[in-house]
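Have the model open beside you as you read.

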Amino acid sequence: MSASRPVRLAVLVGGVFVLGGGAALCLGGLREGGHPEADRFTAAAAPSPPSRPGAPPPSGMEARALGFRLLTLADPGEVLAGMDSLARAAEQGDVEAQVSLGRIYLKGLLSVPRDAARARAWLLRAAPSHHPSAAYFLGVMSQNGDGVMADPAEAARWFEIAARGGSPDAMFLLANAYRAGAGVPKNDEKAVELYESAGEQEHPAALQALAMAYRYGELGLEPDEAESRRYTMEAEHAIQHRQAPP
C-alpha cells in the first residue's frame, strides 16, 4: 500500500454503520452509551420486568430478554424491579443475567447510573463460561480503557474468546487488531480470514472492509473491482438485515 494513501480501516465503535473518507465507520461508541450488540435488540418483544416482591428470578433466555427489555424502559419503578430480579438470578449463577447486568451498567439508564466497575465485575462473573457477549464487552472495555487500563493485548485476548464463541462483532474487532498489529502480531491473512468469517454472518463493517481491500489491493489481496462491488452490495444488504448475535 502506498505511503501516501490513507489507511481505510473499518472500525466498530457503536451501532450505526456509515461509509466516509474511504473507511467503514460505526459511530456512536460505547463511551456515549451505544452498544453494538444490545442496541440491536431495543425493538425486540420481551416480557415486562417482574414487579411483584418475591417473584421467581428469570433464567436463561428469559433473563436475556429481560436485560434487553430494561434498556428500552423509561419507568424507574419497572427498571428497578427488573434489576432486582436480574440481580437475584445473577447471584444464583445465571450467566445470561450476569451478562445483562454487565451491559446495563456499561450503558447506564436514567434510574441506573453507568458504572464501569460494576459492569466489568458482572461480565467477569460470566467470563468462565466463555459467553461470547461477556468476552466481547470485556474486550471493548480493555480496548477503550473503560474501567480498566487500556491494554490492546488483553482486548485481543477477549475478542479471540468471543470470536471462537461466534460473535461477528468480536471477529471484526480482532480482524482490525491483526490488521493494525494492535496487541497481536500484524497479520493481513488472519485479518482477511476474520473479516470473511464475520461477513458470513452479515456483519456490515466487515463486508465493507473486504470491499475496500479488494478495491485498493490491500491486506495482501489483488485489486478486483468485481469482488469489491460484490462485497459492497452484500454490506448494503447486511445493513438492512442485521442478524442477532449469538
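Glu160 and Arg164 sit four residues apart in helix 6 (residues 152-164), which puts about one helical turn between them. An α-helix has 3.6 residues a turn, so residues three or four places apart point the same way. Here the two side chains form a salt bridge, with 3.5 Å between the closest N and O atoms. How exposed are the partners? Glu160 is partly exposed at 24% relative accessible area, while Arg164, at 58%, counts as exposed. Please keep in mind that you are looking at a predicted model.

The search of the whole structure finds 10 salt bridges, and two further examples are worth a visit. In helix 8 (residues 188-200), Lys190 and Glu193 lie three residues apart, about one turn of the helix. Their side chains meet in a salt bridge at 3.7 Å, N to O. Both residues are partly exposed: Lys190 has a relative accessibility of 25%, and Glu193 has 42%.

Arg230 is partly exposed, its relative accessible area being 34%. Salt bridges with shared partners also bring in Glu234, joining Glu227, Arg230 and Glu234 into one network.

Now step back to the whole chain. The protein has 10 helices and three strands, and from the N terminus on its elements run β-β-β-α-α-α-α-α-α-α-α-α-α. Of its 246 residues, 48% count as buried. The protein exposes about 11100 Å², 54% of it supplied by carbon and sulfur atoms. Among contacts with a separation of 6 or more, 55% are accounted for by residues 24 or more positions apart.

Which residues of helix 2 are buried? They are Val79, Gly82, Met83, Ser85, Leu86, Ala89 and Ala90. Viewed down the axis of helix 2, these buried residues fall within an arc of 165°, and therefore line one face of the helix. They pack against helix 1, helix 3 (95-107) and helix 4 (116-126).

The two ends of helix 2 deserve a glance as well. At its start, a side-chain oxygen of Asp75 comes to within 3.1 Å of the backbone nitrogen of Gly77. Just after the helix, Gly93 takes a positive phi of about 100°.

Ser100, in helix 3, is buried, with 4% relative accessible area. Beyond the residues up to four places away in sequence, Ser100 touches Ala63, Arg64, Gly67 and Leu86. Arg69 belongs to helix 1 (residues 60-70) and counts as partly exposed at 26% relative accessibility. Its C-alpha atom is 9.1 Å from that of Gly82, 13 residues away in sequence.

Finally, find Pro57 in the loop between strand 3 (23-27) and helix 1. Pro57 is partly exposed, at 24% relative accessibility. Although Pro57 and Arg88 are 31 residues apart along the chain, 6.0 Å separates their C-alpha atoms. Leaving aside neighbours within four places in sequence, Pro57 is in contact with Ser85, Arg88, Ala89 and Gln92.

How values were computed:
Residues numbered from 1 in each chain as written. Predicted model: local features only at pLDDT ≥ 70, side-chain atom pairs only at ≥ 80, totals over all residues. Heavy atoms only, no water. Buried < 20%, exposed > 50% of the residue type's maximum accessible area, 1.4 Å probe, protein only. Contact = heavy atoms within 4.5 Å. Areas by Shrake-Rupley, 256 points an atom, 1.4 Å probe, with all protein chains shown as cover. Arc of directions from axis to C-beta. Polar contact = N/O pair within 3.5 Å; in protein donor to acceptor, adjacent residues only side chain to side chain. Salt bridge = Lys/Arg side-chain N within 4 Å of Asp/Glu carboxyl O.
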